[in-house]
Amino acid sequence: MAASALGTAWGPLRLAVPGLCRRRPPQGLCARMRRLPGSTVSGRSVAAASGLGASGTDLYCLDLLRKRDYEGYLCSLLLPAESRSSAFALRAFNVELAQVKDSVSERTIGLMRMQFWRRTVEDIYCDNPPQQPVAIELWKAVRRHNLTKRWLMKIIDEREKNLDDKAYRNIQELENYAENTQSSLLYLTLEVLGIKDLHADHAASHIGKAQGIVTCLRAAPYHGSRRKVFLPMDICMLHGVSQEDFLRRKKDKNVRDVIYDIASQAHLHLKHARSFHSSVPVKAFPAFLQTVPVEDYLKKIQRVDFDIFHPSLQQKNTLLPFSLYVQSWRKRY
């Protein structure tokens, strides 16, 4: 995607803002910052859950989310009470799949784990879940809300393809990955909330893509420490940046231009999602609270002039719970 097309998301690539920010070096010169523009449970379930007990499987999912998906955990807490346990199950399922890639040393082992989850989903829809806590909670969610099997399978399929450890060839490939993982998770969350609405689905698609792009950016320093780079190659080539530049943590203009272009695409998806705001049922808004941490990261990376390795980007936002609550109270996304 050309830089000119992406640059329209936040206006000109650089704007003069005297006295607002200084970049080092050179000293004494004003930096020109790029800115954002403006169910009932059968007897079979008791047998299935007998390994840990109902409370044990609930607590397992909660603990997994607190450790591995804290932002998703906070967002799920603000869902209606009758939907929370199912949302926790969906997010725990997503975490189980996401951590396969980093927890195995061989792709074959990763494929075996993905196959386990593929069989698990099949068994869940046959009312025969394995005695695994996430599987049991996911089965309960499927029973309560009649969740669409296709979205669960899409997440597994896409996570499996991602085991190849290859950089995204272009921004569209990264968007497709985000659509099949993050957006699919949002479609399922909408089903948990009882929402069937075309506008809500369109918003979920764009929010999922924005979240997937931001996740890729946030993970870049970690991946770099493991000698891996997954940022879209087309944008890197557009600015003459190699993977080695990221491995060496370079901070020159071309490297930051790559990050700017990728972040711009995430910002565009947020704008598109919010263009449906007046048409999306208010009941769907809690499913879209992920926009808060996504926008928070985009604002933080703008403040450091798109230096993806800046230490401030690795710090947790201690005000995130409050920001999520305010957004939920305002009924916005």
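In the predicted model, helix α8 comprises the 13 residues 133-145, which at 1.5 Å a residue should span 18 Å; the C-alpha atoms at its ends are 19 Å apart, in agreement with that expectation. Eleven of these 13 residues are buried, so α8 is largely enclosed by the rest of the structure. The buried set runs from Pro133 through Val134, Ala135, Ile136, Glu137, Leu138, Trp139, Lys140 and Ala141 to Val142, and also includes His145. At the N-terminal end, α8 is capped by Gln132, a side-chain oxygen of which lies 2.7 Å from the backbone nitrogen of Val134. Beyond the helix comes Asn146, with a positive phi near 55 degrees.

The largest pocket holds about 1700 Å³ of space. Its lining consists of 49 residues, of which Arg68, Asp69, Thr215, Arg218 and Ala219 are the closest to the pocket centre. Two or more lining residues are given by each of α3 (54-68), α4 (70-77), α5 (81-98), α6 (100-103), α10 (171-192), α11 (198-225), α15 (291-303) and α16 (320-330). The largest share, nine residues, is supplied by α11. In terms of residue class, the lining of this pocket contains 21 nonpolar, 15 polar and 13 charged residues.

His239 is located in the loop between α12 (233-238) and α13 (243-247). With a relative accessible area of 15%, His239 is buried. Its side chain is in polar contact with that of Asp261, at 2.7 Å. His239 and Asp257 are 18 residues apart along the chain, and 7.2 Å separates their C-alpha atoms.

The model contains 22 salt bridges. One of them joins the side chains of Lys250 and Asp245, with an N to O distance of 3.2 Å; Lys250 is partly exposed at 33% relative accessibility, whereas Asp245 is buried at 13%. A second pairs Asp307 with Lys251, their closest N and O atoms being 3.6 Å apart. This pair links distant parts of the chain, with Asp307 in the loop between α15 and α16 and Lys251, 56 residues away, in the loop between α13 and α14 (253-274). Here Asp307 is buried, at 9% relative accessibility, while Lys251 is partly exposed, at 46%.

A further salt bridge connects the side chains of Arg256 and Asp305 (3.2 Å, N to O). It too links distant parts of the chain, as Arg256 belongs to helix α14 and Asp305 to the loop between α15 and α16, 49 residues apart. Arg256 is buried, at 7% relative accessible area, and Asp305 is buried at 4%.

Methods: Residues numbered from 1 in each chain as written. Predicted model: local features only at pLDDT ≥ 70, side-chain atom pairs only at ≥ 80, totals over all residues. Heavy atoms only, no water. Helix = DSSP H or I, 4+ residues; strand = E, 2+ residues; numbered from the N terminus. Expected span 1.5 Å × (residues − 1). Buried < 20%, exposed > 50% of the residue type's maximum accessible area, 1.4 Å probe, protein only. Polar contact = N/O pair within 3.5 Å; in protein donor to acceptor, adjacent residues only side chain to side chain. 1 Å grid on protein atoms, 1.4 Å probe; cavity = no way out; pocket = protein on both sides within 12 Å on 5 of 7 lines; lining within 4 Å. Points joined across faces, edges and corners; volume = space filled by probe spheres on them. Nonpolar A, V, L, I, M, F, W, Y, C, P; charged D, E, K, R; others polar. Salt bridge = Lys/Arg side-chain N within 4 Å of Asp/Glu carboxyl O.
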